[in-house]
Amino acid sequence: MVGVKVDSSANISNPFTALVQDQKILTIPTFTLETGDVLREVPVAYKTWGTLNAEGNNCMVICHALTGSADAADWWGPLLGSGRAFDTSKFFVVCCNVLGSPYGTASPLTINPDTGRAYGPDFPLTSIRDDVRLHRLVLDSLGVRQVAICIGGSLGGMQCLEWGMFGAEYVRVIVPIATCGKHSAWGISWGEAQRQAIYSDPNY
């Protein structure tokens, strides 16, 4: 992938990035969102466990929920490790941080390369599909040719459903947990209330 670089110190202007230990940051030169907005110098935080096999087809993708980070060991730790459900002796486990999260991937806290200042409320709207397309670029950079299994709950489950849209030739199994394909009016109203709480913060 031309222009892509990995640098654990990228997005260092965002202090929350440092809260996730030993994560890596892949910087994508340009990325076009579903809205048509184009982000430049896009940091994507991720962590891996285990080893990718020679065929590149033993990857397990773990998708985090809304308030999670790329550190799956932080919130699903008892399931992760050799001989456990997320068996690192069999699978190359990858967890990527979503757009808009404060924990390393591009968000309102990221410096906009066009202005030299944090995006703040000017950060564009992003979608689950944007997250998954961006995360596939991470897998491509790691040499993954096929996803053996993708699992996630809540917002992570929505990502999981979207991963399934790549087809069985790329993603063999999906395990969406406590999720849905679209929000109800009730869920949308709660999301809007939460956004308005953030917008009302003068520091934002």
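This is a predicted model: local features need pLDDT of at least 70, side-chain atom pairs count only at pLDDT 80 or more; totals for chains, interfaces and linings use all residues.
Colleague: How many aromatic pairs does the structure hold?

Modeller: The structure holds seven aromatic pairs.

Colleague: Why is the pair of Trp 76 and Phe 86 called tilted?

Modeller: The ring centres of Trp 76 and Phe 86 are 5.4 Å apart, and rings pair if their centres lie within 6.5 Å.

Colleague: Where in the chain do Trp 76 and Phe 86 lie?

Modeller: Both lie in the loop between α1 (72-75) and β5 (92-96), 10 residues apart. Ring pairs also join Trp 76 and Phe 86 with Trp 75 in a cluster.

Colleague: What makes Phe 86 buried?

Modeller: The relative accessible area of Phe 86 is 5%. Buried means under 20%, therefore Phe 86 qualifies.

Colleague: Why is the pair of Phe 166 and Tyr 170 called edge-to-face?

Modeller: The planes of the two rings, Phe 166 and Tyr 170, stand at 80°, with the centres 5.6 Å apart. Because planes over 60 degrees apart count as edge-to-face, this pair receives that name.

Colleague: How do you know whether Phe 166 and Tyr 170 are buried or partly exposed?

Modeller: Phe 166 has a relative accessible area of 25%, which lies between 20% and 50%, so Phe 166 is partly exposed. Tyr 170 has 5%, which is under 20%, so Tyr 170 is buried.

Colleague: Which charged end sits over the ring of Tyr 170?

Modeller: The charged end of Arg 136 does, 3.6 Å from the ring centre. Arg 136 also has its charged end over the ring of Phe 166, 4.6 Å from that centre.

Terms used
Residues are numbered from 1 along each chain as its sequence is written. Side-chain values use heavy atoms; hydrogens and water are left out. Rings of Phe, Tyr and Trp (its six-membered ring) pair if their centres lie within 6.5 Å; planes under 30 degrees apart count as stacked, over 60 as edge-to-face and the rest as tilted. Helices (H or I, at least four residues) and strands (E, at least two) are DSSP runs, numbered from the N terminus. Buried means under 20% relative accessible area, exposed over 50%, partly exposed in between (1.4 Å probe, protein chains only). A charge sits over a ring if NZ of Lys or CZ of Arg is within 6 Å of the ring centre and within 35 degrees of the ring normal.
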